[in-house]
Amino acid sequence: MINNFNMRLKMTQDSIIKEYLKNDKPWFLAYSGGKDSTAVLMLTYEAIKSIKHHNKIITIIYCDTGVEIPCVSTYTKKCLKNFQAEIEKDNLPFKIVIEQKLWKNIKLKMPILNKKIIQSL
């Protein structure tokens, strides 16, 4: 059973590496702090860590909607801060963006990641 899990884990990471190396277009990963987005982030991190030459930035986007339970938002931001330290230690091409104007952008009927924001990344 463990061998099957390890095989699937390796296949997943190989798929991530293959997609990453296809071109130089930047990637954006949505992160909520939940188990699913954390799993995708960690799989991607480990896959990218195994590549010697990086060809694109991977932006991790967390949207603090302001309606989360405060301790959950605080915990998620703490996780991102710890992750930032890992990124710097391993010198990997990840960038973290915390968007805190979600409801304002929705009210103004503007996309959260408008062209101006994407260009600033």
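The model is predicted, so local features need pLDDT of at least 70 and side-chain atom pairs count only at pLDDT 80 or more, while totals for chains, interfaces and linings use all residues. Residues are numbered from 1 along each chain as its sequence is written, and side-chain values use heavy atoms, with hydrogens and water left out.

**Salt bridges**

- The count comes to six salt bridges, a salt bridge being a side-chain nitrogen of Lys or Arg within 4 Å of a carboxyl oxygen of Asp or Glu.
- One of them joins the side chains of Lys77 and Asp64, at 2.7 Å from N to O.
- This pair links distant parts of the chain, 13 residues apart: Lys77 is in helix H3 (residues 70-90), and Asp64 is in the loop between strand S2 (58-63) and H3. Helices (H or I, at least four residues) and strands (E, at least two) are DSSP runs, numbered from the N terminus.
- Asp64 is buried at a relative accessible area of 10%, whereas Lys77 is partly exposed at 26%. Buried means under 20% relative accessible area, exposed over 50%, and partly exposed in between (1.4 Å probe, protein chains only).
- Lys89 forms a salt bridge with Glu86 at 3.4 Å, N to O, and another with Asp90 at 3.8 Å, N to O.
- Lys89 and Glu86 are separated by about one helical turn because they are three residues apart in helix H3.
- Lys89 is exposed at 56% relative accessibility; Glu86 is partly exposed at 33%, and Asp90 is partly exposed at 22%.
- A network of salt bridges links Lys49, Glu86, Lys89 and Asp90.

**Aromatic pairs**

- There are four aromatic pairs, where rings of Phe, Tyr and Trp (its six-membered ring) pair if their centres lie within 6.5 Å; planes under 30 degrees apart count as stacked, over 60 as edge-to-face and the rest as tilted.
- The Tyr20 and Trp27 rings are edge-to-face because their planes stand at 90°, with centres 5.6 Å apart.
- Tyr20 is buried at 0% relative accessibility, and Trp27 is partly exposed at 22%.
- Phe83 and Phe94 also form an edge-to-face pair, at 5.8 Å centre to centre and 80° between the planes.
- That pair links distant parts of the chain, with Phe83 in helix H3 and Phe94 in strand S3 (residues 94-99), 11 residues apart.
- Phe83 and Phe94 are both buried, and together with Tyr45 they form one aromatic cluster.

**Charge over a ring**

- Lys56 lies over the face of Tyr20, at 5.2 Å from the ring centre. The rule requires NZ of Lys or CZ of Arg within 6 Å of the ring centre and within 35 degrees of the ring normal.
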